[in-house]
Amino acid sequence: MSQTFDVLVIGGGPGGYIAAIRAAQLGFKVACAESNSYDDPKGDPRLGGACLNVGCIPSKALLASSEEFEKISHQASEHGIKVGAVSIDSKKMIARKDEIVTKMTSGIQFLFRKNKVTFLKGHATFSGKSSEGYQVNIDGKDAGVVSAKNVIIATGSKARHLPGISVDNVLICDNEGALKFDSIPKKLGVIGAGVIGLELGSVWRRVGSQVTVLEALPEFLGACDQGVAKEARKIFIKQGLTINTGIKIIDVKHDKKGVVVNYADNDGKPQKLECDRLIVSVGRVPNTEKLGLEAIGVNVDARGFIQIDDHTCETSASGIYAIGDVVRGPMLAHKAEDEGVLVAEILAGQKPHIDYNCIPWVIYTDPEIAWVGKTEQQLKERGIAYKSGQFPFAANGRALGMGRADGFVKVLADATTDEILGVHMIGPNASDLIAEAAVAMEFKASAEDIARICHPHPSLAEVVREAALAVDQRALNM
Ligand code: FAD
Ligand code: NAI
């Protein structure tokens, strides 16, 4: 096989598959190579990347199932609903998650056919450059050489493992194993109180595990606004999560019966955590091995990320771009997608732009945590004068009616111009509410703009408006 394309995308995750579809929409002849079969029963490479196969989508499916279980078991009675003994079939919960993943990944194959994107099933490695463009070897099912004038590297990331802790994805798991436990662990240990640790820790806590999270940093959720992080820690502890910060892992031992984590606590005292299973969620590292980057002169930084031009995502080799988790910036699916669209449009001669300050973050715990823009601590560090307005969900009729009154929304605005600099929230449906803040910030709105816009009543969105009013001490319902 020797085929020539205008654009070759390496990696079929949210960055890669969206880049491929957008490039095809713009009239290019496009191929997308993907090598990972994840859990495909036939062993065929599957589209969707980490996000659809072992990340965003399966974790949210399990979060939804465990949330339903918790609501029925513990919250139904508040509504006067009487239920008998409630139990959960964790195998069914995992099977439901797998069905959703299969549906989503095959949906991308359909989109590829619709947009005439060629799906190359195999691992891609650069071998050099010829008059036809960059030469890329594909191994696996669609083995052969492909040429393309432009290549978009979207090879994503994988879980970072700790030295001396061997992940077998049965007893000691990264995100892949933690999404398919064959039974509910009685005691679950989690190393790393980041996004994965808290989301997957919540899943298994809700269905009955006793969960202990061990975090190296002294502060909890350091990237969040610290007001939100403090509230989150309080709520998660009340829910039954044990969170130990400022720890140092000494070693991890395991036998068939379980795992023992020896660590030093915040005071340096030796402690032992015995658990049935352990999740190691200490960040992710970019996938750049066996790509042949040296053959075409693509530079990688000291941490393994591909170096790019911040505005165009072009690498040190002309015509080769890199996007998503394999480059700088937040490791988020929507950031990868937006970079995919950006590169396809640049190739078509357009002038797209991404404002990285307006990329929203969500942690899908209950309550959800979401933010966009700068935190209070970042504004202080940069010496930017700001005003802050905060409003609690407890003073909102819709939240009370839903029985979901924990948390608040905080709006930070420039002290002089009133421009919104950051919006931070912890509360029900924060993942949806944050979109309003992201739109407002993209349009450089002021806090007063949000305050003056009519919001539906009764709705959770009124909390965002009240927080914007609170910036000038004129919240109406508090
Ligand atoms: P990936 O999704 O990693 O895809 C890259 C693909 O490239 C992979 O399938 C890989 O097999 C393939 N590949 C690599 N090298 C080659 C090669 N040489 N040849 C062929 N193919 C290759 N983000 C959110 O925004 N929201 C969430 O809720 C969220 N939840 C998450 C939950 C978990 C448990 C995890 C682990 C991550 C989560 N993320 C979430 C992060 C999100 O999954 C990533 O940011 C996103 O997948 C990055 O997309 P990508 O296209 O850059 O890379
Ligand atoms: P993370 O970076 O969010 O958190 C890792 C945590 O582990 C940090 O708090 C870090 O201090 C801690 N840590 C590091 N080394 C440690 C050690 N030796 N001992 C104890 N603690 C240690 O990484 P995580 O949770 O693995 O997730 C990876 C990435 O995936 C996230 O940063 C995010 O970009 C993406 N993701 C996004 C989600 C979302 O958008 N909702 C959900 C899940 C993942």
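Colleague: How do H1 and helix H4 cross?

Modeller: The axes of H1 and helix H4 (residues 90-115) come within 10 Å and cross at roughly 20°. That makes H1 roughly parallel to H4. Angles under 35 degrees count as roughly parallel, over 145 as roughly antiparallel, 65 to 115 as roughly perpendicular and the rest as oblique. Axes are lines fitted to C-alpha atoms, for helices over the stretch in contact, with angles from 0 to 180 degrees between N-to-C directions. Helices (H or I, at least four residues) and strands (E, at least two) are DSSP runs, numbered from the N terminus.

Colleague: What sort of model is it, and what are the ground rules?

Modeller: This is a predicted model: local features need pLDDT of at least 70, side-chain atom pairs count only at pLDDT 80 or more, and totals for chains, interfaces and linings use all residues. Residues are numbered from 1 along each chain as its sequence is written, chains are lettered from A and ligands numbered from 1 in the order written, and side-chain values use heavy atoms, with hydrogens and water left out.

Colleague: Back to H1 and H4. Left-handed or right-handed crossing?

Modeller: H1 passes H4 in a left-handed crossing. Left-handed is when the near helix is turned anticlockwise from the far one by less than a right angle, and right-handed is when it is turned clockwise.

Colleague: And H1 with H9: what angle, and how far apart are the axes?

Modeller: About 30°, with the axes of H1 and H9 7 Å apart. H1 and H9 are therefore roughly parallel to each other. Here H1 makes a right-handed crossing.

Colleague: Switching to ligand 1. Which residues come nearest?

Modeller: Glu34, Tyr38, Lys60, Asp325 and Ala333, out of 39 residues around ligand 1. A residue is near if one of its heavy atoms lies within 4 Å.

Colleague: Which elements supply the shell around ligand 1?

Modeller: Helix H1 (14-25), strand E2 (30-34), helix H2 (49-54), helix H3 (56-75) and helix H9 (333-347) each give at least two residues. H2 has the largest share, four residues.

Colleague: How many nonpolar, polar and charged there?

Modeller: The shell around ligand 1 has 17 nonpolar, 18 polar and four charged residues. Ala, Val, Leu, Ile, Met, Phe, Trp, Tyr, Cys and Pro count as nonpolar, Asp, Glu, Lys and Arg as charged, and the others, Gly among them, as polar.

Colleague: Which polar backbone atoms are by an oxygen atom of ligand 1?

Modeller: A polar backbone atom of Ser157 is 3.4 Å from an oxygen atom of ligand 1. For Met331 the distance is 3.2 Å, and for Leu332 it is 3.2 Å. Taken alone, ligand 1 exposes 1000 Å², and the protein buries 93% of that. Accessible areas come from the Shrake-Rupley method with a 1.4 Å probe.

Colleague: Now ligand 2. What surrounds it?

Modeller: 22 residues, the closest being Glu199, Glu215, Gly283, Met331 and Val362. Helix H6 (residues 195-206) gives the largest share of that shell, three residues. The shell around ligand 2 divides into 13 nonpolar, four polar and five charged.

Colleague: Where do Glu199, Glu215 and Gly283 touch ligand 2?

Modeller: An N or O atom in the side chain of Glu199 is 2.8 Å from a nitrogen atom of ligand 2. A polar side-chain atom of Glu215 lies 2.6 Å from an oxygen atom of ligand 2. For Gly283, a backbone N or O atom lies 2.8 Å from an oxygen atom of ligand 2. The protein covers 77% of the 840 Å² of accessible area that ligand 2 has on its own.

Notes: A polar contact is a pair of N or O atoms within 3.5 Å; within protein, one must be able to donate a hydrogen and the other to accept it, and residues adjacent in sequence count only if both atoms are side-chain atoms.
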